[in-house]
Structures are given as structure tokens and as C-alpha cells.
Amino acid sequence: MTDLGTDPTPQPQEAQEAQGPPEPEPLGVERTPTGDPGVDAHLARLADADHLDASGHLAVYEDVHQGLRDALGALDRPPGPPHGPARPYDNRS
């Protein structure tokens, strides 16, 4: 029994080599805005990976991951200047 969707004739080796590897294609995954401009900018950077071979994805993913970690870590820091003595010389014994 033959499968109707496949061509049983093999292509010559030269034709396969002339085609080369397929070009990267975007996955078409939509990114919903979060409302935080910094986070949205990092998530938008993921689109850069759409135009790269798989070997280039890691650098983009690591960059986005670090940016999102920094944004998340910033939520734990209180706003304003760092806490501590207002004047370092106030700590004299």
C-alpha cells in the first residue's frame, strides 16, 4: 500500500544539496503586552531569535532571561536611595 501524500521517486543527491538547509522561520507566537515597558522590551527581544539559526538562539534567550531576572529583582528593592546611615560619619563610636 502506498501513501498518497509522498512521492516514491527519490530526488537526485545534487537537487537536495542545491536546496541547502531550510531558512529559519518565525514561530508566529504572539506576545501579550504586560504593561511594564521594561519587561515588554525584553520580551520583544525574543523576536530576534526568529531570524537566527538555532545556534544563535541561546545568546538571545540568555540576554532576555537576565533582563527579566533584573526586572524581577528590582521589585524587591525599595524605591529611592539605598538605605543606611544618611551620613557615614554618624557611625562613630
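Glutamate 25 sits in the loop that joins α1 (13–19) to α2, and because its relative accessibility is 65% it counts as exposed (over 50% relative accessible area, with buried meaning under 20% and partly exposed in between, for a 1.4 Å probe and protein chains only). Its C-alpha lies 9.7 Å from that of alanine 49, a residue 24 positions away in sequence.

Alanine 54 belongs to helix α3 and, at 63% relative accessibility, also counts as exposed. Between alanine 54 and proline 24 the C-alpha to C-alpha distance is 8.2 Å, with 30 residues of sequence separation.

## Basis of the model

The model is predicted, and local features need pLDDT of at least 70, side-chain atom pairs count only at pLDDT 80 or more, and totals for chains, interfaces and linings use all residues. Residues are numbered from 1 along each chain as its sequence is written, and side-chain values use heavy atoms, with hydrogens and water left out.

## Chain overview

The chain has 3 helices and 0 strands, in the order α-α-α from the N terminus, where helices (H or I, at least four residues) and strands (E, at least two) are DSSP runs numbered from the N terminus. Of its 93 residues, 5% count as buried. Among the contacts with a separation of 6 or more, 32% join residues 24 or more positions apart, a contact being heavy atoms within 4.5 Å.

## Packing of α2 and α3

Helix α2 (residues 37–45) packs with helix α3 (residues 54–74) at an angle of about 170°, the axes being 9 Å apart; the axes are lines fitted to C-alpha atoms over the stretch in contact, and angles run from 0 to 180 degrees between N-to-C directions.

On the α2 side the contact involves Val39, His42, Leu43 and Arg45, and on the α3 side Val60, Asp63, Val64, Gly67, Leu68 and Ala71. These residues divide into 6 nonpolar, 2 polar and 2 charged, where Ala, Val, Leu, Ile, Met, Phe, Trp, Tyr, Cys and Pro count as nonpolar, Asp, Glu, Lys and Arg as charged, and the others, Gly among them, as polar.

## Largest pocket

The largest pocket is lined by 14 residues, with Leu27, Leu46, Ala49, Asp50 and Tyr61 nearest its centre, and its lining comprises 9 nonpolar, 2 polar and 3 charged residues. A pocket here is an open set of points on a 1 Å grid over the protein atoms alone, where a 1.4 Å probe fits, with protein on both sides within 12 Å along at least five of seven lines, and lining residues have an atom within 4 Å of a point.
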